[in-house]
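Visitor: I would like to learn how to read a few features of a model, taking each general idea before its particular case. Could we look at the structure together?

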Amino acid sequence: MIKICLIGASGKMGRAVIDEANNYNDIEITNFIVHENSEALDLDVGKFHFGEADNRIFKATISHDFDCIIDFATREKIQDRISLYTQLKKPILFCTTGLTNHELDNIKNLSQEMPVFIAPNTSLVIALLQDLVKKVLNFNNSQKVKISEKHHKSKLDKPSGTALSFAELANLHKSEIESLREGETGNWHKIDIFNNSEQLELKHSASNGSIYAQGALKVVKWFYQKPKNLYYMQTLIEDLYE
């Protein structure tokens, strides 16, 4: 049984991971962590997310044994979490986006002490799409690239971490990414690769967070017993599919 400490358990992705974990016989979430000022603190997890009490409680501190951390929290108090992870020395799947370069470097440095998997997007399809974009641009780096993305209006970071990862592949500045924030659910990312003779349009859409929750739990099963190192979705793709 893989025991998970879920950071950011009261958010949309926290809810999706909790819901998805119910489909696994070998995964159990043992800690449902929120920040100390959260409206969900000390509330019943099931009642809060699904309208039916399940006697699991949101807490601000870790009180139960676990094997791996999944962090889907916002960047608020990120340095406090980094300090905590340094003490715990447990495998961590880190999915928080909107970090500064300095904050991201601090997360990467944790991999000197424990396995750290950085995934601003845990969709396996997105990872395969990024691999395709990289290969197309390596084949012909003279092509132009346009990146656009849309997320729900409550998403804090803009552009998204996923869009930024595509921009890095294409050597584009984040100011060149077109970002929309509207509606309550769903998102898409679109990459146009073109020249005067041809155009390739790639688009990934997701109606809710379930695919990212599925991806996160698959990552955990693949990664939590790996040696200390820094891992990405491309690491997993290369291991599983190439």
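Visitor: Which side chain meets E103 in a salt bridge?

Guide: This is a predicted model, in which local features need pLDDT of at least 70 and side-chain atom pairs count only at pLDDT 80 or more, while totals for chains, interfaces and linings use all residues. Residues are numbered from 1 along each chain as its sequence is written, and side-chain values use heavy atoms, with hydrogens and water left out. Side chains of opposite charge can pair when their charged atoms come close. A salt bridge here is a side-chain nitrogen of Lys or Arg within 4 Å of a carboxyl oxygen of Asp or Glu. The partner of E103 is R75, at 2.6 Å from N to O. This pair links distant parts of the chain, 28 residues apart, with E103 in helix 4 (residues 101–109) and R75 in the loop between strand 4 (68–71) and helix 3 (78–88); helices (H or I, at least four residues) and strands (E, at least two) are DSSP runs, numbered from the N terminus.

Visitor: Is E103 buried or exposed?

Guide: Buried means under 20% relative accessible area, exposed over 50%, and partly exposed in between, with a 1.4 Å probe and protein chains only. E103 has a relative accessible area of 9% and is therefore buried, whereas R75, with 36%, is partly exposed.

Visitor: How many salt bridges does the rule give?

Guide: The count comes to 9, and one of them joins D42 to K59, whose closest N and O atoms are 3.2 Å apart. D42 is partly exposed because its relative accessibility is 47%, and K59 is partly exposed at 35%.

Visitor: In which sense do strand 7 and strand 8 pair?

Guide: Strand 7 (residues 144–151) pairs with strand 8 in the parallel sense over 4 bridges, whereas strand 7 and strand 9 (residues 187–194) run antiparallel and are joined by 7 bridges.

Notes:
Pairing = 2+ DSSP bridges.
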